Amino acid sequence: MKFRRAAAVPLALMLAQAIATPAAAQTPECHVDPQEPPLPAAGTVDPALVRELTLWIGENSQYDVSALITEPPEVNFCHEGEHVHYGKAEFVVEQDMRAAYDPSARSIYLVLPWSAEAPRDRAVLVHELFHWVQLESREWPCYQALEIGAYGIQARYLREHGLTVDWDWFDIYLRARCPTEVHP
């Protein structure tokens with residue numbers, strides 16, 4: 001069975017929450033406690049930045065982004081502790097989570113605080129944009145298989161901006177493996 005734009009997989013959320021220091025899904029949205037400060041509106045990330053980062057992905061990966069550049073995913077913001085619709089499910093934005101991509105809604109969720117001026121924050125957006133490019137470009141055996149490439153491109157972006165990457169690559173590799181259908 002091949003994976004392509006399927007509903008969110010719970011393990012994908014675990015990956016996003018665990019290593020991304022990286023309900024219906026008609027309209028992606030965050031549910032905020034009325035006592036919380038208001039969130040920025042969806043789409044407040046400058047479209048020029050999304051375009052620039054998408055073109056950078058095209059120049060620094062094997063993917064041709066020319067057909068994708070005209071219809072980028074929506075970008076939404078959420079706070080820690082919020083409930084977010086994700087595919088046909090909902091999840092709570094946990095403390096270590098930085099972002100998630102919902103392929104069923106073609107929506108990226110960036111966890112606030114997030115700043116377009118901060119290279120580490122832009123790298124988080126690169127990671128999620130790369131998931132969008134991956135899923136629009138080919139079929140995958142499982143959602144977890146996307147992570148190695150996404151972390152690789154994020155690390156490349158960080159190093160290009162003079163920042164260090166100190167992730168546990170072995171842990172990322174283990175979490176990025178597709179579950180087997182046969183148990184020995």
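Predicted model: local features only at pLDDT ≥ 70, side-chain atom pairs only at ≥ 80, totals over all residues.
Residues are numbered from 1 along each chain as its sequence is written, and side-chain values use heavy atoms, with hydrogens and water left out.

Of the 184 residues, 46% count as buried; that label means under 20% relative accessible area, with exposed over 50% and partly exposed in between (1.4 Å probe, protein chains only). The chain's accessible surface is about 9600 Å², and 52% of that belongs to carbon and sulfur atoms. Such areas come from the Shrake-Rupley method with a 1.4 Å probe, and for residues only the protein chains shown count as cover.

On that surface, Ile148, Phe170, Tyr173 and Leu174 make a nonpolar patch of about 400 Å². To join a patch, residues need over 30% relative accessible area and no salt bridge; like charges are joined within 9 Å, and nonpolar side chains (Val, Leu, Ile, Met, Phe, Trp, Tyr) within 5 Å. A salt bridge, in turn, is a side-chain nitrogen of Lys or Arg within 4 Å of a carboxyl oxygen of Asp or Glu. Helix H5 (residues 169–175) gives the most to the nonpolar patch, three residues. Phenylalanine 170 is found in this helix, H5, and is exposed, at a relative accessible area of 55%.

Most residues other than glycine have a negative phi, and most peptide bonds are trans. Arginine 106, however, has a positive phi of about 50 degrees although it is not a glycine. Arginine 106 lies in the loop between strand S5 (99–102) and S6, and counts as partly exposed at 23% relative accessibility. The peptide bond from leucine 112 to proline 113 is cis, with omega near 5 degrees. Proline 113 lies in the loop between strand S6 (107–111) and helix H3 (119–137).

Technical notes:
Helix = DSSP H or I, 4+ residues; strand = E, 2+ residues; numbered from the N terminus.
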